[in-house]
Amino acid sequence: MSTLREDELSEKYFYAGCFGLPWLWIVHAMHYHAKTKKANAAAGSLLGSEENQPEQDPARTEVKLAERQWVGRCRSSAIIVTTAWVIWILIVQVFLTDIFPVGLFVRSEEQGAYTGW
């Protein structure tokens, strides 16, 4: 079994989010930023001299940039989809109450006696 590089895994998470799991975008972005923050804190605790800094592999840097690109796409897509979803819910539940049947709403006006609201 081969392991995936970080950028390939991020790409798979992005496409999985496109197929109906947008919460995966949010979880992936949160995990990436926590991992990056932890790595930056560990790098900051090392001595600041140039001798102690390891050489950066160009291929590794390319993988990190590709991973960052896919995480940025996940984050942007999650914000757009969540905003559109909240706007859609608000419009349908508040403003279009006369157009759609009562069964589509979270609370119809007839349920006030049962729920107390």
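From the N terminus on, the elements run α-α-α-α. Colour by secondary structure to see 4 helices and 0 strands. This is a predicted model. Buried residues make up 19% of the 117 residues. Show the surface next: the accessible area comes to about 9600 Å², and 64% of that belongs to carbon and sulfur atoms. Of the contacts between residues at least 6 apart in sequence, 63% join residues at least 24 apart.

**Stop 1: helix H3**

Select residues 58-95, which make up H3. Now pick out the buried residues of H3: Val-63, Ala-66, Glu-67, Trp-70, Val-71, Gly-72, Cys-74, Ser-77, Ala-78 and Val-92. An α-helix has 3.6 residues a turn, so residues three or four places apart point the same way.

**Stop 2: the core**

Show side chains for Phe-14, Trp-25, Trp-70, Cys-74 and Ala-78. These 5 residues make up the largest nonpolar core. H3 gives the most to this core, with 3 residues. Centre on Phe-14. What does Phe-14 touch, beyond residues up to four places away in sequence? Its partners are Trp-25, Trp-70, Arg-73, Cys-74 and Ser-77.

Cys-18 is in helix H1, residues 6-18. With a relative accessible area of 44%, Cys-18 is partly exposed.

**Stop 3**

Select His-28, in helix H2 (residues 22-45). Is His-28 buried or exposed? His-28 is buried, because its relative accessible area is 6%, and the cut-off for buried is under 20%. Leaving out residues up to four places away in sequence, His-28 touches Ser-10, Tyr-13, Val-71 and Cys-74.

Next, select Gly-72 and Ala-29. They are 43 residues apart in sequence, with C-alpha atoms 7.7 Å apart. Gly-72 is found in helix H3 and is buried, at 16% relative accessible area.

**Stop 4: salt bridges**

The structure holds 3 salt bridges. Side chains of opposite charge can pair when their charged atoms come close.

- Arg-5 and Asp-7: the closest N and O atoms are 2.8 Å apart. Arg-5 is partly exposed at 42%, whereas Asp-7 is buried at 9%.
- Arg-60 and Glu-6: the closest N and O atoms are 3.0 Å apart. This pair links distant parts of the chain, with Arg-60 in helix H3 and Glu-6 in helix H1, 54 residues apart. Arg-60 is partly exposed at 35% relative accessibility, and Glu-6 is partly exposed at 27%.
- Glu-67 and Lys-35: the side chains meet at 3.0 Å, N to O. Glu-67 lies in H3 and Lys-35 in H2, so the pair ties together parts 32 residues apart in sequence. Glu-67 is buried, at 7%. Lys-35 is partly exposed, at 34%.

**Stop 5: a nonpolar patch**

Finish on the surface. Select Trp-85, Val-86, Ile-87, Trp-88, Ile-89, Leu-90, Ile-91, Val-94 and Phe-95. Together they form a nonpolar surface patch with about 930 Å² of accessible area. Zoom in on Val-86, which lies in H3. Val-86 counts as partly exposed, at 38% relative accessibility. In soluble globular proteins, nonpolar side chains tend to be buried together.

Technical notes
Residues are numbered from 1 along each chain as its sequence is written. This is a predicted model: local features need pLDDT of at least 70, side-chain atom pairs count only at pLDDT 80 or more; totals for chains, interfaces and linings use all residues. Side-chain values use heavy atoms; hydrogens and water are left out. Patches are made of residues with over 30% relative accessible area and no salt bridge: like charges are joined within 9 Å, nonpolar side chains (Val, Leu, Ile, Met, Phe, Trp, Tyr) within 5 Å. Accessible areas come from the Shrake-Rupley method with a 1.4 Å probe; for residues, only the protein chains shown count as cover. A salt bridge is a side-chain nitrogen of Lys or Arg within 4 Å of a carboxyl oxygen of Asp or Glu. Helices (H or I, at least four residues) and strands (E, at least two) are DSSP runs, numbered from the N terminus. Buried means under 20% relative accessible area, exposed over 50%, partly exposed in between (1.4 Å probe, protein chains only). Contact means heavy atoms within 4.5 Å. A nonpolar core is a set of buried Ala, Val, Leu, Ile, Met, Phe, Trp, Tyr and Cys residues joined through side-chain atoms within 4.5 Å.
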